[in-house]
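Work through the exercises below with the sequence and the 3D view open. Try each task before you read its solution.

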Amino acid sequence: MGCGPSSSADDDSEQQQQPLQKQQKDDGKKHGKQKRSKSPQTGGKDVTDASVEALSIKSALLIQKWYRRYKARLEARRRTTWMIYQSIEYSSEASQLHLLQTESSPQQPQQQHLSPAGSGDPANNRFAERLRQKSLEEEDQELLELTSYEGIQVEKSYRGPHLSFPLSASHVQVLIDSFRQGTQLHSRYLLQLLHEARLLLKTKPNVYQASTSISRQVTVVGDLHGKLDDLLVIFYKNGLPDVTNPYVFNGDFVDRGANSVETAALLFACCLLVWPSAVFINRGNHEDHLMNCRYGFIKEVQAKYKTPANKIVRLFGDTFSWLPLATNIDDKILVTHGGISDKVDMERVQKLDRHQYLSALKPPVSDNENAKVDYKEWRQVLDLLWSDPKPQAGCAPNTFRGGGCYFGPNITEAFLRKHKFSLLVRSHECKPDGWEFCHGGAVLTLFSASNYYEDGSNKGAYAKFDAEGKPHIVQYMASKARKLPVGRRLSTVEEGALKDLRAKVIASKTELTAAFQRFDPDKTGSIRLADWCEAMEQTLRLGLPWRTLRPHLAQLAKDGRLLYMTSFDCVSIQTKLGASAGKEVAGSLTEAVYKNKEELETIFRIMDKDNSGQISLDEFQESCRVLTQATGRQMTEAEVGDMARSMDLNSDGYIDFNEFLEAFRIIDTRKRQEDAAGAQGGSSG
């Protein structure tokens, strides 16, 4: 692999600056040998050696001043870009939690939230049924029957890795070599591996007890998010696991990235089955079926495995629910994915039934109406997986993400003192350098997925702790982006962030236009910049520096007022729906569906019981009703019906929603106009 730690932006610029400063010093020395000389800066008059030296110093100071300004501008751009990516990511997570938690509010029966008033149609409750859980015995038996690998034959044409159980270290190396080359593991082997991993995980406690008494060190890895290259870089740099080289993987190894299946398979194989006493895998907030519905893992499984996808999705979901919630290293360091709260009690955590939380996004709902839900216990799981540290004291709901809490330094201090830990290690948040200490060094965040938002956006990092609990942090970037100059690298990342932000803006065009027009009663088409910033924040609620971002999003008139409709000039929403059948979808409805595309995908995949990638027209209409009730954004029955029929391209009564989700595109209208102008200029020439 050969992926070493990447050099920082400071190194790139400083290396360019040093030869220049050295040359200036040499020039000064050369002039210093002459007693008097002519200088163009003094009109050709004689100057002394002291004057030359003073001029050299002044030049050096000017260059340094320019350089500091250049670095400050880069840092301001980097921070703004980071805010865009993070705000959009957390806004998406918050809407996901809102969608699901409104369907299981403790104040009202679940049925009342899901069905339109006065509706007694059982079909309207399909979404609620998908969120329910069966008893452990019923689920176990059904799972074994549904996910059996016995009837699956390995074809003679299969050229991927072959596994035989129990696995050995040689199998792990075969998997690494095959996955590096892009080879897919056969569904039979994957199912068998998951069954073995599930059986082993069921024997593990809620909190692992890890020791460095033999190894004298342990490596902690943060979020990987399906980025197989990062995992392979870590194994290349740090070695494969064994009793002398133990690992803790701190959750979120699936979703978002393109190789979640391979990443999970490799962790389960080498970590749980080959070296079970040397590897500890914590659950993250993305090892969760409902999160997988939205953030790509289920879609990846369906694309790679087609017919067996239903078995694989079901078995992955159950296996994830058996992952422990934390790891205790030498009774000194607690490693958990998200963080803590003032309500987290490790004694209670060790006793709860973690498997009943197939999703931590909502408390478990049973078919037994008399069964009571322990909301305090559920909060233990939710806070461990979803919480974030903040510099302010106290503990407050994590409104930015929508789940878990914000915990301050006083909460950390009290928790560590109570449980006699010296350090809390968590992940859950992408950091530019892959790691960050906070709360006076009492909390360490590790994030191991490099290039998380965009190629070159961030480094990945892992930490090696010695027997005394002291960390040695290793950074890396699993791409060639680190070789680019810092300015070019930042420009690429910045453009990606602005593209995502423009998509959010155009998806809210109707609401934003109404907000702008409230500041423009005379319909002049222009408003004050401050009013534009206020309208953007009130509508999008992203907490961004809109005044700084204005030049990238909207234009000013000559009088300094802002032409608010130019906020939508850069991009437009394009849809292919209904085109082949001669049907057209109204622009306002297209906007509404695109804006809620992620919420619809979540609902669709929950409704899709057999994970076939298809749902009926009735199920689609129910999905839209659920979305309407959860978001408060109204779509009429007629609009929903038109949309459903436009998506049924072959008129068979079913919707392929993978195809539906790909039917919406954000088009860069500026580039299209530039291309058209260039083509016109070329033809006229």
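This is a predicted model: local features need pLDDT of at least 70, side-chain atom pairs count only at pLDDT 80 or more; totals for chains, interfaces and linings use all residues.

Residues are numbered from 1 along each chain as its sequence is written, and side-chain values use heavy atoms, with hydrogens and water left out.

**Exercise 1. The whole chain**

Task: State how many helices and strands the chain has, and what share of its residues is buried.

Solution: 
- Start with secondary structure. Helices (H or I, at least four residues) and strands (E, at least two) are DSSP runs, numbered from the N terminus. The chain has 25 helices and 23 strands.
- Next, burial. Buried means under 20% relative accessible area, exposed over 50%, and partly exposed in between, with a 1.4 Å probe and protein chains only. Of 685 residues, 52% are buried.
- Last, contacts, meaning heavy atoms within 4.5 Å. Take those between residues at least 6 apart in sequence: 74% of them join residues at least 24 apart.

**Exercise 2. One residue in its setting**

Task: Find Ala210 and decide whether it is buried or exposed.

Solution: 
- Locate Ala210 in strand S3, residues 207-210.
- Check its relative accessibility: at 7%, Ala210 is buried.
- List its contacts, leaving out residues up to four places away in sequence. Ala210 touches Phe280, Thr327, Asn328, Ile329 and Asp330.
- Now look at Asp330. It lies 120 residues from Ala210 along the chain, yet their C-alpha atoms are 6.2 Å apart.

**Exercise 3. Cysteines**

Task: Count the disulfides, then say whether Cys438 is buried or exposed.

Solution: 
- A disulfide is a pair of cysteine sulfur atoms within 2.5 Å. The structure has zero disulfides.
- Cys438 has 19% relative accessibility, so it counts as buried.
- Cys533 has a relative accessible area of 12%, so this residue is buried too.
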